[in-house]
Amino acid sequence: MKARITVTLKNGVLDPQGKAIEGALKSFGIDGVGSVRQGKVFDIELGDLGQTQADDVLKQACEKLLANTVVENYHVETTA
Amino acid sequence: MKASIIVFPGSNRERDVGRALEKAGSHVSYVWHAEHELPIGTDLVVLPGGFSYGDYLRCGAIAARAHAMDAVRAHAAKGGLVLGICNGFQILCESGLLPGVLMRNEQVRFTCRFQHLRVEQNDTAFTRDYARHQTIKVCIAHGEGNYIADSETIKRLENENRVAFRYCNEAGIIGGAANPNGATNDMAGIYSDKFNVLGMMPHPENLIDALVGGMDGLPLFTGLNRAA
């Protein structure tokens, strides 16, 4: 089983890196860009786990380390 | 005063803070992060500056989960003193010993320069050798020092007088261009609810010798030395 975890900043949290990227895109003349928020993606290979167990493991990984839930949200997707 | 400095892979200011503590008269030991216990008789734990784990994932995130941090949490829970400087402040926030987060500097730039601070109060173990509202000159060197927390937490920090230092200019005027990173309410350092844990972005340990810029950092360490 494989999982992809996406960690993004919560709404309202200032994202200076996203802002800098947004500014760069606009200065390169790439039209139509509204705003940019930067996040992180983790691709995780899981051992032989059932879906419920995998969900548990991934939730633990997110809450304990991958996301700082004070300022970040996480989203988990699993594929067989 | 027995101080234990926790050393993580990538810490690089442990000797400087050790020198500052020794100059103030404290006994210093260095503790590797994989240790499960602090040296017997530890009064003060110091989390030094640096780039623990290369700042991977988030600054201080991986170090905050080290074995030694469980011992630090237990020490703090008993009322023991804990000082986190720069990366140490980031580790304290990541480990839940202090509220909030240190985000990327507003200008998205690593900033290394002299910095003035206003000492907000002088009735804590850390600031007793300063005067209240004294302006001191120390150093900053960080890319992620932009302190933020939810508005409830900020309100609580302010109401409980838990702001230790604020960024100011040489004349002691807070904020504006003197804020190097965009930190909420110009907060440069904050205390835990029992005032036994202090996290601060600036480096007081750099300013303990007149030959290299000044002595304004030393009172923090002499004050701590008198705490035990």
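Modeller: For sorting a lining by class, Ala, Val, Leu, Ile, Met, Phe, Trp, Tyr, Cys and Pro count as nonpolar, Asp, Glu, Lys and Arg as charged, and the others, Gly among them, as polar. With that in hand, and bearing in mind that this is a predicted model, the residues lining the largest pocket divide into 10 nonpolar, 7 polar and 8 charged. The volume of this pocket is about 490 Å³, and of the 25 residues that line the pocket, those closest to its centre are Gln17(A), Lys40(A) and Glu72(A), together with Leu57(B) and Arg58(B). Among the elements that each supply at least two lining residues are strand 1 (2-9) and helix 1 (16-27) of chain A, and, from chain B, helix 3 (87-94) and strand 5 (101-103).

The second largest pocket has a volume of about 150 Å³, and of the 13 residues in its lining, Asn68(A), Val70(A), Cys93(B), Glu94(B) and Gly96(B) are the closest to its centre. That lining has 5 nonpolar, 4 polar and 4 charged residues.

Turning to the nonpolar cores, the largest holds 66 residues, of which Leu83(B), Tyr147(B) and Phe165(B) touch the most other members, while helix 2 (residues 67-77) of chain B gives the largest share, 5 residues. Beyond its neighbours within four places in sequence, Tyr147(B) is in contact with residues including Phe89(B), Cys93(B), Val101(B) and Leu102(B). A second, separate core of 10 residues includes Val7(A), Phe42(A), Cys62(A) and Leu66(A).

Note on methods:
Residues numbered from 1 in each chain as written. Chains lettered and ligands numbered in written order. Predicted model: local features only at pLDDT ≥ 70, side-chain atom pairs only at ≥ 80, totals over all residues. Heavy atoms only, no water. 1 Å grid on protein atoms, 1.4 Å probe; cavity = no way out; pocket = protein on both sides within 12 Å on 5 of 7 lines; lining within 4 Å. Points joined across faces, edges and corners; volume = space filled by probe spheres on them. Helix = DSSP H or I, 4+ residues; strand = E, 2+ residues; numbered from the N terminus. Core = buried A, V, L, I, M, F, W, Y, C linked by side-chain atoms within 4.5 Å. Buried < 20%, exposed > 50% of the residue type's maximum accessible area, 1.4 Å probe, protein only. Contact = heavy atoms within 4.5 Å.
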